[in-house]
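Please open the structure in a viewer and keep the selection tool at hand.

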Amino acid sequence: MPLEPSNSQEDYTSMNQRAPYPLLLLCFVLGVTLQSCETSPTPPTTTASASADLPNILWLVGENMNLDLGIYGAENVYTPHLDSLAERGIRYTKVFATSPVCAPSRSAFMTGMYQTTTDTHHMRSHRDDDYRLPEGVRPITHRLQDVGYHTANIKYIGEKEVGTAKLDLNFVNEGPVYQTDDWSTLKNNQPFFAQINMPENEYDIYDRQTYKHERVTWYGEEQHPQIATQENVSPPPYYPDHPLVREEWARYLNSTSGMDIRIGWILDQLREDGLADNTIIVFFGDNGRMEPRGIHWPWDTGLHVPLIIYYPENLQAPQQFERGAVNEDVISLLDITATTLTMAGITPPMSMQSKVFFGEHTDPPRKYAFGARDRIDETELRMRSVRGERYHYIRNYSEGEGFATLNRYKEKCFRIKPLMRQMLEAGELTGPAYALMQPMPYELLYDTLEDPHEINNLAESDNPDHREALIQLRAALDIWEAETGDLGFRPEAREIVAPFEKEMHDWFGTPDWHDYTPAP
């Protein structure tokens, strides 16, 4: 999805311009007083010597991916650097983003609050208004800076492009989110917290001339290792068996292999600069896979992300750290916020929805991970997701809409989608691929153990196990929506949404089958 300008440096607005209501609701649910729930006290302080004892923390953020690394069992990829990191760290297998698209997901894990609570749930929202985060909600970097961390969002190491310096946050009025984008400042400004957003697993669309191209290339495609080919890949069964599908699947896997090359550059530079022995590395995906049924959709393909945590040998790791361990607990990607704060010796505020899943003092494990899909570009759909250890429940508040609903970015860049429209019209689609092109029902339930591709909807099954799972997950979603103050029920104003249709038309074009007349 499109990158947006970095956050402005406007002065803070007054307290009464904030939106505290979701926070107050959360305080009520937790049964704590307003005074104890306020989270804007005097910032924590630390001495210079104490600050020097803190570890460096490096977030490596993969774009748009599922568990498509060799260490997770993916075939036709070559990811030796990340595989090695996992072999010497902890690999997590059941981590789920709070949104299947970048800006809402990033707005959540950069604050430790659900995007549906903070009114940052719509894609590319609040970029040109005076919106402020609710009182007490702050970017994680500001909390780290309070205790002496130098914060950086890196694009280059020397002349090598290793990241995008991407923010893509649905809040822009909180002051600078990071202090620098210069890698060379890290060595002399420890402890540091650095984020590097990988360029791979993204289409090369940011000249905004995408409508002119018959085939949209992947970023860095010319340099990607050609390990996956049409002949050796096996795309999921919800797509038709077609050469173009296999070609697109191979392009995605090769992009993942290309990403690992940049990871290697970063790890090499850490060692060369003498930083590797004091730097905790956290690798994770920001949302699900770059495929038509992945990004944008609250199936596992849109929400399931990799997570690896690595501690160098001379840093004292928490007691549960075991090299090469595999953790299968259900974890929300939201929890990376609170967990990272504890790595820096910071106690997360009581009102933060993020939970600590790794460290000396962890929160009780989650039973479910919750996700939300709301407006993305010009496409207004509302869906919610509850993922347990085995069953996955999706509620489609936009009943009758679904995979076939128009999104110009998807129609132009993801060649499989227009192919499926053509095959449907010609009567050539069958099975799961045909079902995918039909309107989505109000409820979907999947047994991910028996049906990892989430093809068979069990919402109307008479099986007692399925009925029990459906009842439990329905109730869990109802409670979560109430407790977190889910704002998705509140429609956006027409004057906010309308311009997106023209913007997306000018950027990606409009397919011939859709009538579009630009507004005067």
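Begin by selecting Asp273, which counts as buried because its relative accessible area is 16%, under the 20% limit for that term. The model shown here is predicted. Asp273 is placed in the loop that runs between H8 and strand E7 (279–285). Which residues are in contact with Asp273, leaving aside its neighbours within four places in sequence? They are Trp183 and Lys187. Display the C-alpha atoms of Asp273 and Lys187: 6.9 Å separates them, although the two residues are 86 residues apart along the chain.

Select Ile196, Tyr203, Ile266, Phe283 and Met420, the residues with the most contacts inside the largest nonpolar core, which has 69 residues. Helix H8 (residues 243–272) supplies eleven residues, the largest share of this core. Another core, of 46 residues, lies apart from it; Trp59, Leu307, Ala325 and Met343 are among its members. In soluble globular proteins, nonpolar side chains tend to be buried together.

Keep Phe283 selected and show its surroundings. Beyond its neighbours within four places in sequence, Phe283 is in contact with several residues, including Leu60, Met65, Leu82, Met259, Ile263 and Pro306. Leu307 is also one of the contacts of Phe283.

Now display the largest pocket, whose volume is about 890 Å³. Its lining consists of 30 residues, and those closest to the pocket's centre are Leu67, Arg289, His304, Pro452 and His453. Strand E2 (90–96), H8 and helix H9 (300–303) are the elements that give two or more residues to this lining. Which element gives the most to the lining of the largest pocket? That element is H8, with three residues. Colour the lining by residue type to see twelve nonpolar, ten polar and eight charged residues.

Finally, select Arg387, a residue of strand E12 (residues 383–387). Is Arg387 buried or exposed? Arg387 is buried, because its relative accessible area is 5%, and buried means under 20%. Show the side chains of Arg387 and Asp300, which are joined by a polar contact of 2.9 Å. Then look at Glu389: its backbone oxygen lies 3.4 Å from a polar atom of the Arg387 side chain.

Key: Residues are numbered from 1 along each chain as its sequence is written. This is a predicted model: local features need pLDDT of at least 70, side-chain atom pairs count only at pLDDT 80 or more; totals for chains, interfaces and linings use all residues. Side-chain values use heavy atoms; hydrogens and water are left out. Helices (H or I, at least four residues) and strands (E, at least two) are DSSP runs, numbered from the N terminus. Buried means under 20% relative accessible area, exposed over 50%, partly exposed in between (1.4 Å probe, protein chains only). A polar contact is a pair of N or O atoms within 3.5 Å; within protein, one must be able to donate a hydrogen and the other to accept it, and residues adjacent in sequence count only if both atoms are side-chain atoms. A nonpolar core is a set of buried Ala, Val, Leu, Ile, Met, Phe, Trp, Tyr and Cys residues joined through side-chain atoms within 4.5 Å. Contact means heavy atoms within 4.5 Å. On a 1 Å grid over the protein atoms alone, a cavity is a set of points where a 1.4 Å probe fits but cannot get out, and a pocket is an open set with protein on both sides within 12 Å along at least five of seven lines; lining residues have an atom within 4 Å of a point. Grid points are joined across faces, edges and corners, and a volume is the space filled by probe spheres set on the points. Ala, Val, Leu, Ile, Met, Phe, Trp, Tyr, Cys and Pro count as nonpolar, Asp, Glu, Lys and Arg as charged, and the others, Gly among them, as polar.
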